[in-house]
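Open your viewer and get ready to select residues.

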Amino acid sequence: MTIVQPIQIQVAQKIFEAWDKLGVNGRAEKLQKALNAFPNEQGKMAAWQIDNAKKSIAETRVMPGPTGERNELSNQGRGVFLCLSFVEGDKANIGLVGQVFAALIAGNPVITVGPIGQEIMDMISPFVAEGVIQNIAESAQDSLIEADHLAGIATLCDAMQAQLLSQRLAAKSGLICQLIEETDAETLSVIAKPHYVLRFVTERTVSNNTTAIGGNATLLELGSMND
């Protein structure tokens with residue numbers, strides 16, 4: 001049976017690869033243009049998430065390996081993220097902005113929810129490609145949560161809501177959907193940590209054989225001549 005995905009998921013999937021391929025610095029260049037549109041504290045949170053990502057996940061690292069092999073470790077986005085808040089208030093809105101920018105700078109398309117999500121989208125969308133950030137009505141929230149191709153949910157909520165949502169996601173079929181919760185809406189202790197952005201990425205390793213073609217065969221031939 002073919003499951004029809006919500007149109008927002010389909011749109012986000014189409015733009016995902018292009019957005020992710022920009023790299024952290026390419027995405028930062030676009031997202032930084034939106035910072036002036038945000039209120040002071042929200043703008044500071046957004047800027048911090050961008051700067052933190054540039055320091056922590058932008059660089060491709062060369063890993064040790066055997067002679068004739070080059071191994072590179074980098075990060076890429078996970079996929080489509082739903083960002084929402086079950087908590088109201090100015091601090092919660094700052095946290096939601098932090099979640100949205102962390103997800104975006106990590107290479108993921110984002111879907112926000114409701115009027116607050118719409119405001120965030122309106123401030124970012126002029127500077128990014130269509131589909132990188134979208135918004136849905138609160139009435140459509142459940143259909144997005146149940147979507148098979150949703151990579152993760154970033155949310156501000158209390159501990160009980162986080163537990164219930166985690167159980168709900170664990171029961172889903174299809175793509176494993178990660179829950180990234182912030183249960184401290186006052187201090188935003190999770191969102192404000194430097195390693196927070198790592199929860200929005202997956203590691204990618206590339207191994208290149210740098211030995212000249214035929215090199216190993218030549219060495220074997222030289223070795224056999226000594227027998």
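Buried means under 20% relative accessible area, exposed means over 50%, and partly exposed lies in between (1.4 Å probe, protein chains only). This is a predicted model: local features need pLDDT of at least 70, side-chain atom pairs count only at pLDDT 80 or more, and totals for chains, interfaces and linings use all residues. Residues are numbered from 1 along each chain as its sequence is written, and side-chain values use heavy atoms, leaving out hydrogens and water.

**Stop 1: helix α5.** Helices (H or I, at least four residues) and strands (E, at least two) are DSSP runs, numbered from the N terminus. Select residues 114-124, helix α5. Buried here are G114, G117, I120, M121, M123 and I124. Look down the axis of α5: its buried residues fall within an arc of 165 degrees, so they line one face. The arc is taken from the directions from the helix axis to the C-beta atoms.

**Stop 2: E186 and K91.** A salt bridge puts a side-chain nitrogen of Lys or Arg within 4 Å of a carboxyl oxygen of Asp or Glu. Select E186 and K91: their side chains form one, at 3.3 Å from N to O. E186 sits in the loop between β7 (178-182) and β8 (201-209), while K91 is in helix α4, 95 residues apart. Is E186 buried or exposed? E186 is exposed, because its relative accessible area is 54%. K91, at 42%, is partly exposed.

**Stop 3: R168 and D142.** Now select R168 and D142, another salt bridge at 3.3 Å, N to O. R168 lies in helix α7 (159-170) and D142 in helix α6 (141-145), so the pair ties together parts 26 residues apart in sequence.
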